[in-house]
Every structure is written in C-alpha cells, then in structure tokens.
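Please look over the sequence and the 3D structure below before reading on. The report then goes through the chain part by part.

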Amino acid sequence: MNSEEQRAHWDLKYEQGLPSLTEPDPFFISAYEKFVAQSSPQAGTALDLAGGVGRHALWLARRNWQVTVVDVSDVAMRKLNQAAIEQNVKLDLLVGDASDYKFEPARFDLILLFYHLDRSLFPKIVYALKPGGLLICKMSLRWKSDGMSTAAGTGPLEKNELPTLVPDLHILHHRERPVRDRGVAEFVGRKSGNAGESSGEVSVP
C-alpha cells in the first residue's frame, strides 16, 4: 500500500475503535517493568513510532515521560489528542509516516515500535537512541514458509531476522513464537554506553 492507502486503512480501523488498539500490549508492560524501570528510574524522553491512538504513549505520559508520537492516521492523532486532554498529560503529536520523521542523534531514552515493519527505520532508531537507551519492539513474522519468494527486504520478518536489523544494540530480550497462522517476535535492545551491561535474556525457539 502507498501512504494514502495506508492512511485510509488505519483511519478506518481507528474510527472503529477496536479494543486491541487501545489497551497496552502485555509485552510492553512486562518489558518496561523488567528493563526500563531498572535502567531509567527517572522518566525520560520516549518516541512511539506508528503509535496509533497512544495505547503506550498515554501509559508513559501518566508516568511523567516526555513522549513524541508519530502516526500516519489523522483519526488516531485526533483521538489521542483528546485522550491526552482528558487525562491531563502532554504529548508531542506528529501526523505522518514514521519513515518521514526527522530523527535526531541521541535524543531518546526509549523508542517503541509495535507492528510496523519498515526495515529502513532500524538504523535511524539506533541513531536516535541515547547511550544506554532502549528499543522495545514487537513484530509479526513469517513462521512457516509458504514457498512464495519476495524481493529482498519487502516481505514479512523472517525468523531470527530482527536482531540482525539492529546489530549495534545489545540484546536484552529476544523471543519468537507462533501465534495462529503467523509468528511474533518480541525484542528489547540497549544502545551501548552504560557500564556493567549484562548478557540479558535471549529466548528463540
């Protein structure tokens, strides 16, 4: 889909108000408690790419994080702005494709990327993380080969591909598992810069 088709697709989904788009992902909560709360006990700066109606951004903002949200959907940004007003939190909202966001060096303590695959984003994410900053990422992936070939870099994530997209990050958590007719990859990585980094948790079937 081109950008206009993507915008129309997500505008419709957010107009429908699906609960799965408004509740924080359980993996996000567990990753925050296990990794972010330990490394960043004080709230910092966060970037939520393709953040939708802010299921994670609002959660962070209520905990005093300064959060920037980028999403292609005008409907999502309108709903998120209203939710921020109602919850009395401040968010920096930008309408546009994540690929068009102007990444600045070492700006964020935390970057979130959930179910939005654009391989060109990953080097920019690493660039925008502060030393010691964390990426929390969850993606769909191809669990079983369907025998169909796609141009390099255009198809779904393959098994064990996600860590290769961020070779400069220290892996704290990586798990892949089947979900219905596909798979899902969960990943937490840290940019080098903190002393005493542990080897972390890696679980890949």
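## Basis of the report

This is a predicted model, in which local features need pLDDT of at least 70 and side-chain atom pairs count only at pLDDT 80 or more, while totals for chains, interfaces and linings use all residues. Residues are numbered from 1 along each chain as its sequence is written, and side-chain values use heavy atoms, with hydrogens and water left out.

## The chain as a whole

The protein chain has six helices and eight strands. Helices (H or I, at least four residues) and strands (E, at least two) are DSSP runs, numbered from the N terminus. Along the sequence their order is α-α-β-α-β-α-β-β-α-β-α-β-β-β.

Of the 205 residues in the protein chain, 48% are buried. Buried means under 20% relative accessible area, exposed over 50%, and partly exposed in between (1.4 Å probe, protein chains only). The chain exposes about 10500 Å², and carbon and sulfur atoms supply 50% of this area. Accessible areas come from the Shrake-Rupley method with a 1.4 Å probe; for residues, only the protein chains shown count as cover.

## Helix H4

Helix H4 covers residues 74-87. Its 14 residues should span 20 Å at 1.5 Å a residue, and the end C-alpha atoms are 20 Å apart, which agrees. The expected span of a helix is 1.5 Å times one less than its number of residues.

At the start of H4, a side-chain oxygen of Ser 73 comes within 3.3 Å of the backbone nitrogen of Val 75. The buried residues in H4 are Val 75, Ala 76, Met 77, Leu 80, Ala 83 and Ala 84. After H4 comes Asn 88, which has a positive phi near 60 degrees.

Val 36 is part of helix H2 (residues 26-39). With a relative accessible area of 1%, Val 36 is buried. Which residues is Val 36 in contact with, leaving aside its neighbours within four places in sequence? They are Ala 31, Pro 41, Trp 65, Leu 110, Leu 134 and Ile 136, where contact means heavy atoms within 4.5 Å. Val 36 and Gly 133 are 97 residues apart in sequence, and their C-alpha atoms are 9.0 Å apart in space.

## Two loop residues with positive phi

Asn 64 is not a glycine, and its phi is positive, near 75 degrees. Asn 64 is in the loop between helix H3 (57-61) and strand S2 (66-71) and is exposed, at 63% relative accessibility.

Tyr 115, also not a glycine, has a positive phi of about 55 degrees. The loop that holds Tyr 115 runs between strand S4 (108-114) and helix H5 (121-128). Tyr 115 is partly exposed, with a relative accessible area of 33%.

## Salt bridges

Side chains of opposite charge can pair when their charged atoms come close. A salt bridge is a side-chain nitrogen of Lys or Arg within 4 Å of a carboxyl oxygen of Asp or Glu. The whole structure contains seven salt bridges. In one of them, the closest N and O atoms of Lys 130 and Asp 109 are 3.4 Å apart. Lys 130 lies in strand S5 (residues 129-141) and Asp 109 in strand S4, so the pair ties together parts 21 residues apart in sequence.

Lys 138 forms a salt bridge with Glu 186, with the closest N and O atoms 3.7 Å apart. Lys 138 is in S5 and Glu 186 in strand S7 (residues 182-191), so this pair ties together parts 48 residues apart in sequence. Lys 138 is buried at 6% relative accessibility, and Glu 186 is buried at 5%. Asp 25, Lys 138, Arg 177 and Glu 186 are linked in a network of salt bridges.

Conventions:
A polar contact is a pair of N or O atoms within 3.5 Å; within protein, one must be able to donate a hydrogen and the other to accept it, and residues adjacent in sequence count only if both atoms are side-chain atoms.
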